[in-house]
Amino acid sequence: MNIVDRRPNPKGKSLSNRQRFLTRARAEVKSAVQNALRKRKVADVEHGEKVAIPTRGIVEPAFHHSRRTGRADHVVPGNKEYVRGDEIPRPTGGEGRGGSEGSPDGSGEDAFEFTLSKDEFLDMFFEDLELPDLVKKSLRETFAFDLQRAGYTVTGSPSNLSVRRTMRNSMARRISLRRPKPWEIDALREAMEEARSRDDQEEADRLALELKRAEHRNKIIPYIDPLDVRYNRFERVPRPNTEAVMFCLMDVSGSMTEAMKDLAKRFFMLLHVFLIRRYRHVDVVFIRHTSTAEEVDEETFFYSRETGGTVVSTALEKMLEVARARYPTDRWNIYAAQASDGDNYGADSGRCVSLLGGEVLPICQYFAYVEVGDGMGGSLTGLARDSDLWRAYSEVAPAHAHFAMRRVGDPSQIFSVFHELFAKGGVRA
Amino acid sequence: MPDKYSAPMARLEAAAPLFSGPNWDYASLRQTFEAIERIALDELGLDVYPVQVEVITSEQMLDAYASVGLPLMYRHWSFGKRFAFHETLYRKGLQGLAYEIVINSNPCICYIMEENSMTMQTLVMAHAAFGHNHFFKNNYLFRQWTDANGILDYLSFARDYVTKCEERHGVEAVERVLDAAHALKDHGVNRYAHRTKPNLAEERRRAEEWQAHAEATYNDLWRTVPGVARGKDESDADELRLQEIKRELGLPEENLLYLIEKRAPRLEDWQRELISIVRLVAQYFYPQKQTQMMNEGCATFCHYQIMRRLHDKGLITEGSMLEFLHSHSSVVFQPDFDDPRFSGINPYALGFAMMSDIQRICQEPTAEDKEWFPDIAGHGNAYGVLRHAWANYRDESFVLQYMSPAIIRKFRLFQVSDDSSKPALRVEAIHDDIGYRKIRSALARQYDLSRREPDIQVVDVDLRGDRCLILAHYVHDGVLLSEKSCRAVLRHAAVLWGYAVKLLEIDAATDKTLKTYEVAQPG
């Protein structure tokens, strides 16, 4: 008997099958993911999702007997009261048909539930979405270089010597040229000594000759020949500068109800996950404002409470200040998203417009404004009264293709609005 | 010897337990295996392949589940689906994992899970490494249809071949063929051994014998008997030629995949090879489908005997024995038909009960047993009788041969007839003198794979017309095919065949065509 421990074997043997299955069921899974999203909290986005998908696209059909035709006998256990000739009303389920004829694989399942991993879920979730214009047009920046392995070379600096490759070549050459091994020479020498001690002169001479030949061979065939030597080769690959910074601006003033804040939080949350997922080098700056604005960390941004009036321009000023200090436009791609209920201190809207049009938009690749409503679906139609900020921003919008405005009134709309804003190819307001 | 001495003496003689506590290690696994092996080979007389025990994690067990219990398998989305399905059930706690998986190969590979306690490992080794292993090595169906020496090599070939095809022809093209072949895989097995290929010397010998026989029995009188008028006109000759072609195509043929693999006009070589892979894997599983109850019964009976003997010898502790009995009794539990847990007859329960019953009949027969089983009642050598049964029967014939009235009473089996034209089901037989035989043969029929699976054959290929492949489903007792899945499978068949496919449902008794399905040539 053998006992083999298979536990260290690579895990995830089924992974590629699983991917194939997901590809197969993609359409179903996708709609299931979006349905699931309506129900769940955005804070959970980063976790995997349980999705139930209908079996339509993934049935494996096989010929089998129909249950509703013909005559069949079944033998089942557990008779308690029946005698021969008794009639039993036909059970409504399939149960009366006896179990041995269980339904063939697949045909009995109505929906098929399984859990997507976090990566799979996010892949589905953000499919077709792209951060707009990631590549900065005015490239005046210095390129950073990455070293990438690119095979082997016969020249190079000693520090790049590839010992393995060199020894491999050396060994191959030594074997093919039959370089005598040290112990073979030793053995010959011993044999010769031994023959000499036996006074077998003839044998000793023969061995001496052989030994001489072997030693000569050993000398002319070097252990390591310059021919064998190999160096690791590296290529310098320019690394495109894709550093980007995302400004998240949010109104946390008293006029924002909890429901509105929640909507805004959801939107940013989605954005946040999206950014972290798509781009490795994305800085995120959180700016919240009431009548004054401050830069805060993520935790504070989403979860702390504030009260106060509303002066939107302070947030824009703060953003400009931070951008000037830390994110010069020649090095960074700047994106911004603002969430607000649309309320603003009356006199401030004009200032917002001039700030936005004059200073903020010119340095931004993209600016999205999301107005969160109070959850009344009707208020989002054109019939509703436009808010101060909405009206103000509407003046700016036509002149700037990279400025987008959307309204969200209900958690279920978050995803579609988000999707519209970041769809590949881009939808602009 | 006075009684009071015998007990302590016995205890003195008993060896120390092989292990104590739930944790296992390699040393105790090996030791226990050797103890089991001695009992299995010397006392039960089992004959097994060499064993390789492999320890795996639950994750790997799920992997193995997904690839239908085989250690390696080609890649296909359906295995991913199975994996996702089992994983969900397992993670939710709705379904425990099997304690083991055993593979019919030489050496016999037996997977055990790391989570199992030492008692469970002992049980698993007795169950799989000896019970199943003996069954695989000795049962006639496995001997006839599966090649335990070659299966692992073949699977690794299959996996590499499928991967290569995917690289060359694209995943989608390969998937299309595999999907279609999977749909037909239940009808891709040979149910009967084919005639061996004629070889020249043999044929010549037969021809000579035939000639000699004809000369020896020559009677001039036969010449004068008017024969059937041979058709001389064109159409008859044509008909004869068609018949000849059909015969050469090997029609009718019930192995649909085989016919398609060899004869489909439009397949590429690699597609034929893929079909062949699916077909051979299906063939490998064919004996398992026919012997599930016996196989599990054999393994359960063996583990029960072995565990009891280990306990009798004092090799396992009382605690282990209780743990074992707890797990054993839940394995052989048979819910009644009206129990929500009921899902058919539990093969472990019935197999174990029947085999224990055979042992009882051999050792302590009742008058009834002597009447029903004159050849084995009181036979004495129960293991011999069982080994014979394990080697030479399948579920259907085993039930027909060995099911005793005692078992029918124990399970309170009854036979229900379900006629779709009548509003209610009717109880045909219960466990009484009139019913025993009826129940027994009805249950045997229930285990008969050729009745459980639709009887479908390729009957014709329209050679003069549009090359349409014509299948026939022979309808027994009026049970038709389920429509939706039938259409889906035919679409798959058309993909492989390359032309239209037609299926006729023909009543086997009256030869009347009841229903026709037709699927057009795939675009």
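Predicted model: local features only at pLDDT ≥ 70, side-chain atom pairs only at ≥ 80, totals over all residues.
User: Which residue of E3(B) is the bridge partner of B:Gln52?

Analyst: B:Gln52 has B:Ile109 as its bridge partner in E3(B), and B:Ile109 is also the bridge partner of B:Ile103. E2(B) and E3(B) pair in the antiparallel sense over 4 bridges, forming a hairpin with 4 residues between them.

User: What holds strands of a sheet together in general?

Analyst: Strands of a sheet pair through backbone hydrogen bonds, either parallel or antiparallel.

User: How many residues of E3(B) are buried?

Analyst: In E3(B), 6 of its 6 residues are buried, where buried means that 20 or more other C-beta atoms lie within 10 Å of the residue's own, exposed means 12 or fewer, and partly exposed is in between, with C-beta atoms placed from the backbone. B:Cys108, B:Cys110 and B:Ile112 point one way from the strand, and B:Ile109, B:Tyr111 and B:Met113 point the other way.

User: Where does B:Pro107 sit?

Analyst: B:Pro107 is in the loop between strand E2 (100-103) and strand E3 (108-113) of chain B. The peptide bond that joins B:Asn106 to B:Pro107 is cis, with omega about 0°.

User: Now the helices: at what angle do H18 and H20 of chain B pack?

Analyst: Helix H18 (residues 395-402) and helix H20 (residues 435-447) of chain B pack at about 170°, with their axes 7 Å apart; axes are lines fitted to C-alpha atoms, for helices over the stretch in contact, and angles run from 0 to 180 degrees between N-to-C directions. H18(B) and H20(B) are therefore roughly antiparallel, since angles under 35 degrees count as roughly parallel, over 145 as roughly antiparallel, 65 to 115 as roughly perpendicular and the rest as oblique. The residues of H18(B) that make this contact are B:Asp395, B:Glu396, B:Val399 and B:Leu400, and those of H20(B) include B:Arg440 and B:Tyr447.

User: Which residues of H17 in chain B are buried?

Analyst: In helix H17 (residues 382-392) of chain B, the buried ones are B:Val385, B:Leu386, B:Ala389 and B:Trp390. They cover an arc of only 135° around the axis, which puts them on the same side of H17(B), the arc being that of the directions from the helix axis to the C-beta atoms. Among the elements that cover these buried residues are H5 (118-138), H13 (292-312), H15 (347-363) and H18 of chain B.

User: How many residues of chain B are in contact with chain A?

Analyst: Chain B has 80 residues in contact with 58 residues of chain A, two residues being in contact if their C-beta atoms, placed from the backbone, lie within 7 Å. Helix H4 (residues 77-92) of chain B gives the most to the side of chain B that touches chain A, with 11 residues. By class, that side has 38 nonpolar, 21 polar and 21 charged residues; Ala, Val, Leu, Ile, Met, Phe, Trp, Tyr, Cys and Pro count as nonpolar, Asp, Glu, Lys and Arg as charged, and the others, Gly among them, as polar.

User: And which way do strand E3 of chain A and strand E4 of chain B run, parallel or antiparallel?

Analyst: Strand E3 (residues 71-76) of chain A and strand E4 (residues 414-419) of chain B run antiparallel and are joined by 6 bridges. A:Val75 has B:Gln415 as its bridge partner in E4(B).

User: What is the phi of B:Arg412?

Analyst: B:Arg412 has a positive phi of about 50° although it is not a glycine, and its place is in the loop between helix H19 (405-411) and E4 of chain B. B:Arg412 is partly exposed, with 17 other C-beta atoms within 10 Å.

User: Last one: what order do the strands of the open sheet in chain A have?

Analyst: The open sheet of 6 strands in chain A has the order E10-E9-E8-E11-E12-E13, with mixed pairing. Its edge strands, each pairing on one side only, are E10 (293-296) and E13 (403-408).

Terms used: Residues numbered from 1 in each chain as written. Chains lettered and ligands numbered in written order. Helix = DSSP H or I, 4+ residues; strand = E, 2+ residues; numbered from the N terminus. Pairing = 2+ DSSP bridges.
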